[in-house]
Each structure stands twice: as structure tokens, then as C-alpha cells.
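Welcome, and please open the structure in your viewer. We will go from one selection to the next and look at what is there.

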There are 4 protein chains.
Amino acid sequence: MSLIQVATKLDYKLESPTSFIFSLMPALNPHQIIQQENLILNPYLPYETFNTDNCGGRSLRLTVQSEFFSIDYAATLALQVNTADPYTLPETPYLQLPPEVLPYLNPSRYCESDRLGRFAYKTFANFPSSYARVAAVVDWVYQHIEYLPGTTNASSGACEVLLQRAGVCRDFAHLSISLCRSLGIPARYVSAYAPGLEPPSDFHGVFEAYLGGHWYCFDATRMAPLSSLVRISTARDAADASFATIIGKASLTNMQVSASNLSSQETVSAGLVISMS
Amino acid sequence: MSLIQVATKLDYKLESPTSFIFSLMPALNPHQIIQQENLILNPYLPYETFNTDNCGGRSLRLTVQSEFFSIDYAATLALQVNTADPYTLPETPYLQLPPEVLPYLNPSRYCESDRLGRFAYKTFANFPSSYARVAAVVDWVYQHIEYLPGTTNASSGACEVLLQRAGVCRDFAHLSISLCRSLGIPARYVSAYAPGLEPPSDFHGVFEAYLGGHWYCFDATRMAPLSSLVRISTARDAADASFATIIGKASLTNMQVSASNLSSQETVSAGLVISMS
Amino acid sequence: MSLIQVATKLDYKLESPTSFIFSLMPALNPHQIIQQENLILNPYLPYETFNTDNCGGRSLRLTVQSEFFSIDYAATLALQVNTADPYTLPETPYLQLPPEVLPYLNPSRYCESDRLGRFAYKTFANFPSSYARVAAVVDWVYQHIEYLPGTTNASSGACEVLLQRAGVCRDFAHLSISLCRSLGIPARYVSAYAPGLEPPSDFHGVFEAYLGGHWYCFDATRMAPLSSLVRISTARDAADASFATIIGKASLTNMQVSASNLSSQETVSAGLVISMS
Amino acid sequence: MSLIQVATKLDYKLESPTSFIFSLMPALNPHQIIQQENLILNPYLPYETFNTDNCGGRSLRLTVQSEFFSIDYAATLALQVNTADPYTLPETPYLQLPPEVLPYLNPSRYCESDRLGRFAYKTFANFPSSYARVAAVVDWVYQHIEYLPGTTNASSGACEVLLQRAGVCRDFAHLSISLCRSLGIPARYVSAYAPGLEPPSDFHGVFEAYLGGHWYCFDATRMAPLSSLVRISTARDAADASFATIIGKASLTNMQVSASNLSSQETVSAGLVISMS
């Protein structure tokens, strides 16, 4: 078990009354036990919270009339991941995939798996249909895609990333997800706090593949230890996992995101695969 | 209330054992009361059914080992749509949209609403934020897009349709959905049986927009009366609403889809807007 | 006749020996009589010049070994455009187009006219096949595309501009060119100095259409008077008209481009169409 | 020297008066000496011929008023290619590329080399900058792209081919050209008659790369012997090399293309690289 501290502060300048949905609080589920949570809105305003997915994701919605607005959130939580020996994990035969998992085989906005079938098959068909095939996808993405901010933008999907051979964490996740789906392996996007993220950034984007009856976590950027990731949203792809959705005219003037692992030692042995749900 | 008869027969030739998911049975919900339903599989095989959406959509999953396989489905159902006077229907303010409706504002595989914001705003901003704005979108799509089979393919999304100015029913739906989402109006895809479809085709694709607290049905192709549509699947877009998903090697050798309205008269007055859910 | 002064200064920092091709000198042709021309290279290096097109375009090529390099060019030239009464200008029938003009009907990297045929025909078919049709294209682009730096990038072509409804001068030109070609009107790209450019920018991009046996100049941005434009390059599209091509590793650290009309008065009556070649 | 016989017959049905440009006659240059040439137009009509490129390419232009039209062309020609030992062929340093060759480094409609730089560099940078690098490109394309008619269409460029991993001869050529240009090697498209094409098809599309001061011919499909190819058009890409350009409404009702090598033996030793110009 790890003790993790996370915090986000966002400052906005508004040109008109604006509605916001923020998705920056850790998901509530048995793996992430909140011990302390602090939310400061300035100005203070009534807000609504609601669940956004089946993994405990939650959002906060409110409307702001003032010229300036800031949200300042912090939490401490106990993280308890499940682990498995990866070499025991088979792909789940199609007929045994639970119906609720099936949509994660379909293409989505940023994961055009329908266009990558031939490439995926040519490149990964020879790997055993198990954990090893997902690991091969992750290795391939890590080795062939350069982490290079500025090469992609908000409308770039996996196909563009594969052509450009560069992107940021969400692009690495989208390409990995697309390749898994092309191979018949359900895969989904997770936005997260990532203690130890190197180089430091704000929110992190990783992905989960469905193997042996559970969702396991992968990160083709290899920029942060998986065992201390804190799940925020779980989604088809980043189109459903924005940290802030803005309806109106507001610009972000300041953004601070931090995450740190308060536990003195890494609690998960290397070589195990992590399940956060 | 209308009495509708629908039927589908699909014949496949298999090169290898193949798993199928069929989504061709009418959804089960209070608007569509099945009176009689017949399913013939040849060869007969055990199968599983499961729900696929919140509107009663259901799928049938099975694995076939033989060289030939056919599925022959027929049903008679009583259709009872809700209607409303369209001019009473406002857009729902963002803050009042139920959380489960919010994902239908996000872009999806074939509905890249994130790329069409400026076009949608320039073209439709001057219409009142209500039913009239959705009607303007539908009119625009009807007038500017040509119904022309062969111009798009399985990977074409709304952006391509808008550029090409041509497509088939699913393309008309995808473009309409994208424009609605760009304008802040939740919209989703419905695959359906369409009695009276002219020119005759197989399954039909239409869309629903969320107005005044309900989902209302629209069809920018104007190829079939909305009041006798039979809902099959309800989804983000066609990526989640295939009538047949095939895992293996099988080719469709014959396809027959039919739908007819057994009621002697149109039961919904022109000018009313239809809600199927 | 106008007297125009143009100047460009570019400073580079090099990480490795780098070859450059600069295309920033006014084209040499009977319409643009150079009166004085000044070129300072720092450090001074041998260079080669060569013609790049049939309109007098010229480039300068050299290799730099040092860490810093700057090119400082200035010229004064007498500009003598031809004019015509636009309403006398017909489209040239296809069979009478000179062979050397035919390539300007084909699609090119940033002008995917092959994809815009249906849109172009639907939108502009009703205009008379003459100057009026090109004018309609230019009006349409001016009215529907927003001048908004940052919305497009170096890989954006006309299709993307049409979808996004925004871009910069080269995007306005590419879309106009594409629509003309789709309509059977030869069109090409011109990079230019533009005295009076408002808002001030660096080089300008406009286009020419072939009408009545000559190339006439158009600018869908309406940001500068056409009668004082100084032609630099003439090309299929911006892919062939970069002001600087860099083979190696060099970054532009400073860029100054200026152009001014030294003549006291506008010498071309409004309403006439301009031919620079 | 080989003796080659080529023939094309095209039948059209017209809905309106239509102008045609046909590019199906072998180019006239010292490597291709026409011995006999036969052209039958039915109905017979006056036509114009003109040169289309610097390699002797020529086109035929005419307007047809009748309901049916056919063109029947046949020629016998003596083919004399130049050969070189490939391992003597260096890349030409950028500064020494003749100015007329430089445009073949720029991206074009179907060869978006500007988008493939990182991929090309990662994949081919370690090969020596010479013939070996072009050969590596050709091998890569041959091994990774499937020859599969129906996977691409008239608007597909190299990026789409690279994603899809499938295409036809023109797609193989476009991708090879794009990768060469990305690597700084000028490359261009050649449409040709291909005796021995296997599987038989109609016209063939190959490409040339500029090495050691000459253009050498490559074919990533490996479907026909290079030494008996007969050049028709030479162009930036297929956008400039259509065998028939149609202005009006006409449909091709029949098409026969044939090419055969009348010489009894292969006259070029394997392992030599071919220059047709």
C-alpha cells in the first residue's frame, strides 16, 4: 500500500459567464481510499458532483459569473493495487468477453483501430495471444514514437501519431489502445496523477488492456511508475476524459498539478503487472 | 399505434471458425412491444443474448464452426411513439443536462465535432437555441449532401462527408450528430428498421437530439417516415452499432432486410416531432 | 507605375553545417524593373543563383559552416502591372488552354481540388463561366474563412482549411486555388511582398487564375492592395514557394520583412483586375 | 536493345460533348525509338498533340461530340536503356543538385513527404547515403505493403498507404517517392507500359530516384522487369500522369492495354540499375 498526495490548482479569467466540468478528483473505488480531501473554490460557488464511469470517476460541475475563478483541490489517499504475474495472463477469447467490455474493441475518436488492422496484424500477429502481445505493442510504441510536445494537437488521433512518429502521453496511449483493439484486445484510456513523472508534466494519460478477466495498466511512455498512479477518469479515449470542459469563454491563466508518493519505498515488485480496478 | 413487421436474413460462407455478434433484433422498451418473434439459425447453435445500451438494444453472440451459416429473424411489434409539438422544445441548458447525457456531446469515431465548431457556429448560431436549431441542421444536411452510394466507405467520418458533399444514410446521421454536438446539443446514432424507406435499402441510420429533457428523432435523408421507425441500436455513432460484428473469416453471401407498416394509416400528424424513448 | 521598396533580414543560428535556398528576391520580369538591389551576407559566402519558374522567380543557394548567419536583402523596383476590365474576361475553353497551363488544373500538395469537385460545383456552378466565377470564389472564401493565425500549420491543405473555416494568407490562397481548379479554371500560387499589408505580416501569399488568355491576381484575404504586390515565386502551391529551404539544423532567430509603396498615389483604378505577368 | 510492342484501346460512351486528353503514347526520347505507330480514332476527329514533360512525354487532346468514341493506339519501339553498377551510385549532395531537379524534393498531392520525415529518418538513416538507401526504401515498401486492389482509391496518398499497409502500383510508387524525398533524395513518378507485368494489369506506375547525376528506375511492386518498361509520362506524382483526363460526361466502357517484349532474351544483366533518361 502506498500513501499518495495529489493536488491541482487552476486559475481562470472569464470573458462571459461560463460553465465548467472538472474531472480532477481521484476516482472513488476500493483501490483508492481517500484519507483527506480539500476543495477550495474562489469565489465559493454551489456545485454538483456526479459519477462519470464505472471505475469511480467523478466530476464537478458549476457555473461561474465572476471575472476570475480558481479551483484548488488536494487529497491524500491510500493506494492499493492488485498485481499479477504477467505470464499467467491470457487474452480472453472473444466469446467470453463480458458484454460491458465489448465497446472497448470498437474504434473511437482518437483511436481509429478500424484503419490499423493490417499494420497491427503484420506487426504483432506472431506474438502469443496473451500478456506478451500487449507487452509487444507497448514496446513497439515506446521504441518507435518520440515523446515530443508540440508535434500533435487536440485533434490528433492514433493514425496521425503513427505517421508522425511523435507525440505526448495521450498520443502514446491512443496508439497503444488502437493497436490492441485492432488485435482483438479490449483497451481503454485512463487519465491519472503520476507521482514520479519524469520529465514532470501535469496530468498523465495511460491505458488499460483487458487480459485474463481483468483490466491491467500499461504506459508506453515509461515516464512514471505504474504502481503509484492515481486513477482520475476511465474512458474510450481522451475525448471522454478532459480534466476541464469549458462552455463559455474562459482562459486558463495558471495551472499547477502535483503528485507525490509519501511511502518510503516502492511496494510493488518489478515485473508484476498492475490492476487498478 | 402502428403494427410493424420486420425481417432479416443473412447467409454467410466461412473460411474458419468465426464468432458473430448480431444486432438486428428490435430494442425492447415500452415503445416497441414485441408481439411475435421468430429466430432460425441454420445450423442451429447455442447462443447468448445481452443488452447493449440503455434503450433496450440487444445483441446475440455465437460461434460457428461449419462452412455455411444463416440467421433468419422476423418479428411483429406494436409501435407507440411519443410526440411533441416541436415549437415547445427548448435546448436544455448545459448545467441541467443529466450526467448520462453528457458523453453525447463529445466527439466520437465518425463524429469529429471538435473539428467542426467554427463551421457549425457560423452556419447555425443565428437560429434560436431550440428545436429550430436542430431543424436547421437537418435542413442544411438534406440540402447540401447528396445521397450517393459509393462515395464513402467504412472509414469515412463526418468531416469527409462534409468535404465530399455526398454519402449514405449513416453519413447523413454522422454529419448531423457532429453539427449538433458542436452546437452544444447532445446527439446520438440510432440504427433502425425503416418501413417505407425510399429508395429501398437495408438497415437505416438516423439520429436523435436531446431537447427539452427527451431524445427526439431526426433523419436528414428524409427517406422514410419517422413515425414507423423501429429502433435496433442506440450508440455514439455507427462504430457502436454494426448489425454484424465478425471475428474470423466469413463473407456475407446473401442479405435480405425488410420492414413494413401493417397499419392502414399514418398515425402521427405531420409536424409533430417523434420520441422513441 | 509604382515605385516599391522591399527588404528582408533573416538571422539564423546553426547547429551543424547547413545548406539554404532563399527565395526572397523579387522575380525578374518586364513588370518588375529592379532599380537598386542590395545583398549582405554575414559572414560573406559564395552563393549560386538560379531561376525557379517561368515568371522570373529566382533563388539563391549556399552552404554555411559558421554558427551564425544572416542574410539582409533590399531592393527598389518600378512596378508596372497590366490591368483589364474584369467583365471582359471569359474563362478559356478547355481545348484552348495552352499546354503549359494545364498542370495548374491538377491537384497539388496543399490544393486537393480532386476532393472538392462536388462542393465547388454545387456552390459556384450558377455563376457565369468567366471572371465572375473566380470573383464568386474569392468572395466566398473571404466571407467564410476567418483570418486566424495558429489554426493551421505547415501540413494543412485546402480541405482542412475548408473544414476549420480559418487560416492565414497561404490557406486562403490554397482554398481559392483548389476551388478554381475544381471548376476547371487554372490557378496557381504567388508569394509576394505586399506594401500596405494590414494587419502587418511578413511575406504574403495570393493566387492567380487564368482568364481570357492571361493570369490575373486575386487575394481572398483582402489584406493588401493588389496593384502594389511584388511577385517573388510562382508555383503550384506553397510547397514550391518557401522563402527559405533549410537542409541541416538551423533555427531562425530573427525575421524582418518590409515593403512600402513610395509612390504618392494608387495608380490603378479600383474595379480593374491586375495582371502581373 | 529490346523490341517492344504496346497497344491501348479505350471505348467511351458520352452523355455530353466531352474533351479528352490522352497520355498513352510512349514518350519520345533517345531511349525509345518508335519504329511503327498506329492511331485509330473512331469517329475520326482532328486532334492536337503536345509535350507534357522534359522526358519526351506527349499528350493528345480533342473534343468529341458523338455518343460513342474509341481510341486505338499501337506502337513498336526499340528500347535502349542505360545501366549502371548500382554500387557506384552516390546520392548527389544537396548543393550540387541541378536546379531543375529541386522540385522533386518537394511534397506533392499524393506524396506528402513533409509528413513522413521522422519515420523516414528513423527507418532509413543508418543506410549509406547512396543507392543502398533507395534500395532499402524499395525493399521496405515491398515487404510492408500488400498489393491489394480495392484498398485505396483515387484520393489516397502515401500517408494513407503507409497506414493501410496496402495498395496498388501507383500507391507503392507514391510511398517510395515520399520516403526518398523525406530523405533528401529527389524522386518522381513514371507511368509506363510494362511487358511481363504479373499479375497482368493495365498501365504500370513506377518511380525514379536521382542518384549520381542521373534518374534511375525502381519498382517496389517487383511485378515487372524494369529493363523492358516503356515510359509514358514523367511527373511529380500520379496527379500529373493520368492516361485520360476527361472534361465532360463520358464513361469508359472497355479498356485493353497490352505490352510485350518481342526480343527473345533479357538484355540487361540482373543487378544493374536502369536509367531510362
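**Where the copies meet**

Start with both chains in view: 100% of the interface residues of chain B are interface residues in chain A too, so the two copies meet through the same surface (contact means heavy atoms within 4.5 Å). You are looking at a predicted model, in which local features need pLDDT of at least 70 and side-chain atom pairs count only at pLDDT 80 or more, while totals for chains, interfaces and linings use all residues. Residues are numbered from 1 along each chain as its sequence is written, chains are lettered from A and ligands numbered from 1 in the order in which they are written, and side-chain values use heavy atoms, with hydrogens and water left out.

Next, show chain B as a cartoon. Which strands make up its open sheet, and in what order? Four strands lie in the order β12-β11-β10-β13, with antiparallel pairing. Strands (E, at least two residues) and helices (H or I, at least four) are DSSP runs numbered from the N terminus, and two strands pair if DSSP finds at least two bridges between them. At the edges are β12 (214–218) and β13 (230–235) of chain B, each pairing on one side only.

Select residues 187–193 and 204–211 of chain B: these are β10 and β11, paired in the antiparallel sense over six bridges. Here B:Ser191 stands opposite B:Gly205.

Helix α2 (131–144) of chain B lies across β11 and β12 of that chain, at about 155° to β11(B), and helix α4 (169–182) of chain B lies across β10 and β11, at about 160° to β10(B). These angles run from 0 to 180 degrees between N-to-C directions, with axes fitted to C-alpha atoms, for helices over the stretch in contact.

**The domains of chain A**

Finally, colour chain A by domain: domain 1 covers 2–80 + 243–261, and domain 2 covers 82–240 + 269–275 (bounds from an automatic or database assignment). Their centres, taken over C-alpha atoms, are 25 Å apart. Between them, 27 residues of domain 1 are in contact with 18 residues of domain 2.
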